[in-house]
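User: Please guide me through a few features of this structure, one question at a time.

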Amino acid sequence: MAIIGDEESLFDEGVRLSPAAQHLRGATHEGLVSLDPSGQIVPAIAERWIVTDDGSSYIFRLRDANWPDGDAVTAADVRILLQDRLRRLEGTSLGLDLAKVTDIRAMTGRVVELRLSGPMPDLLRLLAQPELGFARAGSGAGPMIVSQEEGRFFAQLDALPPQDRGLPEREDWEDSSRMLTVRALSARAAVDAFSNGEVDLLLNGTIATFPMAQLGPLSRGTVQVDPARGVFGLIFKSEVGVLSDPGRREALSMALDRDELIEPFGIAGWQATEWAVPPELFSPQQYPNSRWSDLSIEQRRGIARQRISAWEVSNDEEAVLRVAMPEGPGSELLFAQISTAWESIGVTSVRVAPGEGAELEFLDRLARYSSPRWFLNQFHCSLDIGLCSPEADALVLESLTLQNVEAKQSQLADAHGQIVEAEVFIPLGIPVRWSLVRGAVDGYQANQWGLHPLFPLSEPTT
């Protein structure tokens, strides 16, 4: 199998992992829980758990398992490892997501309690993230072990026998389980390898590389598109010149016909959005599906053109913006659509590579859990990815201790309102993640998280 990315990225260390490293880490470093192929939570180091009635405490019972060095897995070990991981995650968006965890306790030899500042139904999904997998003395807790051939950028993965994972022994395990060979490759190299039969499964395709998935007759039944959720749009990196006023930043968003943007790609089921947080995540819904529902696209562009023109006249300067996009034919298609729309309101756009001082930059991230807080955390000022709203950050922080669900929803909706008012982001729609899957591959399912666990691909099929 191949995962699209830099060759070296497969073996990334630390807590800021590439998609390739996330998949490898998830296979070799189990956490308390993990994900199955459909993206559902399943036991891992923890064999079962309960949640207290008020939702502020999760209590996990660990399975009877050993670390790679033979020592028994204990609650004290898990407590120390989790505390260390939370410290390492400070300063990341995942660290912000886990901010409700206030205490970790080893209650008995095999029971661990996580205490929260308030209810968090999505905690298990966060604990299943590859970054929360356990390692002890440099070795992961399974369920697979990896070997790397010197001088080559690929991993050979073998599943640990069930008895080594604290499960009942299975006699035919070695004969029926499958070895996996995983590589990180550029998009073109990965697609070519799939076309040539060298690769059975290709993961982590994005909008930038989607046109490469069109393999003619070969692509029938092989292209799988995840029903993904996340942020997909343009983040503002500057608030000078034409971007100094939120109204003119809004003008750029108003000018885009989002359904028209995706039309050249032919992706069925793609959903456009005009909001940083999808409205359906709030219950009851806090704002309409469309931000400018009372205006046609022509009217929106007319208003946007007036705002841009007024700035050009008063400053005797043309509106020119640099937009950073990743490499790939899909980026070229998307930028062409955006550029044409902005040209209609008097803005000239120039495409540049990421890191070349652009005023706007493409942002494409998959959600780790389905909560407005995940989306709001992506724009937190501490992450320094672009313009932000300290007012929104303060409201999100206050929401962490709210016990009432309705009050929390209202608080997060207010935070989203601050993000919108500050015009820090131009949302376009849902992220695109695609895979190429050969018919003989078992254990793969498209899912909304874009993470495809490798261990199930090795499991016996009979």
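Analyst: A crossing of two helices is called left-handed if the near helix is turned anticlockwise from the far one by less than a right angle, and right-handed if clockwise. Please note that the model is predicted.

User: Which hand does the crossing of H12 and H13 have?

Analyst: Helix H12 covers residues 390-399 and helix H13 covers residues 405-422. By the definition above, the crossing of H12 and H13 is left-handed.

User: Is H12 roughly parallel or roughly antiparallel to H13?

Analyst: The two helices, H12 and H13, pack with their axes 8 Å apart, at an angle of about 170°. Angles over 145 degrees count as roughly antiparallel. Therefore H12 is, relative to H13, roughly antiparallel.

User: How many nonpolar, polar and charged residues does the contact of H12 with H13 have?

Analyst: On the H12 side, the residues include Leu 395 and Val 396, and on the H13 side they include Leu 412 and Ile 419. Glu 391 in H12 and Lys 408 in H13 also take part. By class, the contact of H12 with H13 comprises six nonpolar, three polar and four charged residues.

User: Which hand does the disulfide of Cys 381 and Cys 388 have?

Analyst: A disulfide is a covalent bond between the sulfur atoms of two cysteines. Here Cys 381 is joined to Cys 388, with an S to S distance of 2.1 Å. Because the torsion about their S-S bond is about 105°, the disulfide of Cys 381 and Cys 388 is right-handed.

User: Is Cys 388 buried or partly exposed?

Analyst: Buried would require under 20% relative accessible area. Cys 388 has a relative accessibility of 26%, so this residue counts as partly exposed.

Definitions and conventions
Residues are numbered from 1 along each chain as its sequence is written. This is a predicted model: local features need pLDDT of at least 70, side-chain atom pairs count only at pLDDT 80 or more; totals for chains, interfaces and linings use all residues. Side-chain values use heavy atoms; hydrogens and water are left out. Axes are lines fitted to C-alpha atoms, for helices over the stretch in contact, and angles run from 0 to 180 degrees between N-to-C directions. Helices (H or I, at least four residues) and strands (E, at least two) are DSSP runs, numbered from the N terminus. Angles under 35 degrees count as roughly parallel, over 145 as roughly antiparallel, 65 to 115 as roughly perpendicular and the rest as oblique. Contact means heavy atoms within 4.5 Å. Ala, Val, Leu, Ile, Met, Phe, Trp, Tyr, Cys and Pro count as nonpolar, Asp, Glu, Lys and Arg as charged, and the others, Gly among them, as polar. A disulfide is a pair of cysteine sulfur atoms within 2.5 Å. Buried means under 20% relative accessible area, exposed over 50%, partly exposed in between (1.4 Å probe, protein chains only).
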